[in-house]
Amino acid sequence: MKHLLGLEGLPAADLSRLLDAAEGFTGVGVGDVPKRDDLKGKVVVNLFYEPSTRTRVSFGLAARRLGADVLDFSPSGSSTSKGETFIDTAKNIEAMGVDAVVVRHSSPGAPHVLAKHLLPHIRVINAGDGAHEHPTQGLLDILTIRKRLGRIAGLTVGLVGDIAHSRVARSNIHGLKTLGAHVIVCGPTTLVPPEIKELGVEVAHSLDAILPRCDVLNLLRIQFERQRSGLFPSIREYRLLFGMDGDRMQRAKDGVLLLAPGPINRGVEITPDVADGPSSAILDQVTNGLAVRMAVLSELCKAA
Ligand code: CP
């Protein structure tokens, strides 16, 4: 692997190797477990053109725990405000001597553009490009399922909510299907594009109908910031039809595992009692995200 631009087309062997490596990185740099020097002398830059808490902070921490130097770029306060283009910005940062670029951008394909334009030794990692992919989120979701339920193959995973705007949904679909899970996408008709079926998923529009079948429910955030208005009548109606609450937990499959990529809209996709309850792995996902990002940085930069 040279870059990590998406999980689409990534063979099962590569996915499993990254997940195994991530398990090995769990806890590195915490308590008595020392930091590592896999990336000693390397420079990793976070090039984030969209807001982020989990992805940005955990990539920075992951790189530092592996001994790298980390640069942080965000457009506010930068020369982007003077009209500098995305590519010019990246080429100028490249000229400072970096080894890996972690990029988040609102345009699908922005990481692919960097991979094409930057020097061949530079590794590019997609940290979310528009509604296209968010591969490390997909990996951390899959790792969380594997650690909690012991396997991926044969599980039924429901991705619920705003499928249309979700790069997390696409990365989950590619990774989970490659590893043998059955994936159901579920949401209002306006938030589930018909062409999603081409990715080999089952499509549903009733959460209550799929509840008893799902081993895992990944509750995707309604991305108000990407929507034009009127995609569903009201937040109240969305919550009634697709929100995970105590009543739905009673009707879900025994041992159901709840994921949410975060940030969550408390009381919309999931009620606070359920989000903070024993079936929720929301904070485990964040912990596992750090290990996944260490595994990805280590794998890509080792080969540089
Ligand atoms: N899940 C996720 O990508 O969160 P951030 O937007 O905070 O990075």
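Buried means under 20% relative accessible area, exposed means over 50%, and partly exposed lies in between (1.4 Å probe, protein chains only). The legends below use these words throughout.

This is a predicted model: local features need pLDDT of at least 70, side-chain atom pairs count only at pLDDT 80 or more, and totals for chains, interfaces and linings use all residues. Residues are numbered from 1 along each chain as its sequence is written, and side-chain values use heavy atoms, with hydrogens and water left out.

Figure 1. Helices (H or I, at least four residues) and strands (E, at least two) are DSSP runs, numbered from the N terminus. The C-alpha trace spans about 55 × 45 × 35 Å along the principal axes. Of the 304 residues, 55% are buried.

Figure 2. Contact means heavy atoms within 4.5 Å. Take the contacts between residues at least 6 apart in sequence: 74% of them join residues at least 24 apart. The accessible surface is about 12,700 Å², and carbon and sulfur atoms hold 53% of that area. Accessible areas come from the Shrake-Rupley method with a 1.4 Å probe; for residues, only the protein chains shown count as cover. The protein has 35 positive and 33 negative charges, and their mean positions are 2 Å apart. Lys and Arg count as positive, Asp and Glu as negative, while His and the chain ends are not counted. Each charge is placed at NZ of Lys, CZ of Arg, CG of Asp or CD of Glu.

**Figure 3. Helix α5, residues 135-149.** This helix has 15 residues and reaches 21 Å from first C-alpha to last, close to the 21 Å expected at 1.5 Å a residue. The expected span is 1.5 Å times one less than the number of residues in the helix. Helix α5 is mostly covered, with 12 of its 15 residues buried. Among them are Pro 135, Gly 138, Asp 141 and Arg 146. Just after α5 comes Gly 150, with a positive phi of about 85°.

**Figure 4. Leu 139, a residue of helix α5.** Leu 139 counts as buried, at 1% relative accessibility. Set aside neighbours within four places in sequence, and Leu 139 is in contact with Leu 4, Leu 7, Leu 15, Leu 18, Leu 19, Val 292 and Val 296. Leu 139 and Arg 293 are 154 residues apart along the chain, yet their C-alpha atoms are separated by 9.2 Å.

**Figure 5. Helix α11 and its residue Cys 301.** Helix α11 covers residues 282-302. Its 21 residues should span 30 Å at 1.5 Å a residue, and its end C-alpha atoms are 30 Å apart, which agrees. The helix is mostly covered: 16 of its 21 residues are buried. Cys 301 is buried too, with a relative accessible area of 3%. Beyond neighbours within four places in sequence, Cys 301 is in contact with Leu 39, Lys 42, Ala 100 and Arg 123. Cys 301 and Asp 32 are 269 residues apart in sequence and 26 Å apart in space, C-alpha to C-alpha.

**Figure 6. Ser 58 in helix α2, residues 54-65.** Ser 58 is buried, with a relative accessible area of 7%. Leaving out neighbours within four places in sequence, Ser 58 is in contact with Leu 290 and Arg 293.

**Figure 7. Lys 40 in the loop between α1 (12-25) and β1 (43-48).** Lys 40 is exposed, with a relative accessible area of 62%. Apart from neighbours within four places in sequence, Lys 40 is in contact with Leu 66 and Gly 67. Lys 40 and Gly 97 are 57 residues apart in sequence and 14 Å apart in space, C-alpha to C-alpha.

**Figure 8. Loop residues His 121 and Pro 263.** His 121 is found between α4 (110-117) and β4 (123-129). At 38% relative accessibility, His 121 counts as partly exposed. The C-alpha atoms of His 121 and Pro 135 are separated by 21 Å, and the two residues are 14 apart along the chain. Pro 263 is found between β9 (257-259) and α10 (272-275). The peptide bond from Gly 262 to Pro 263 is cis, with omega near 0°.
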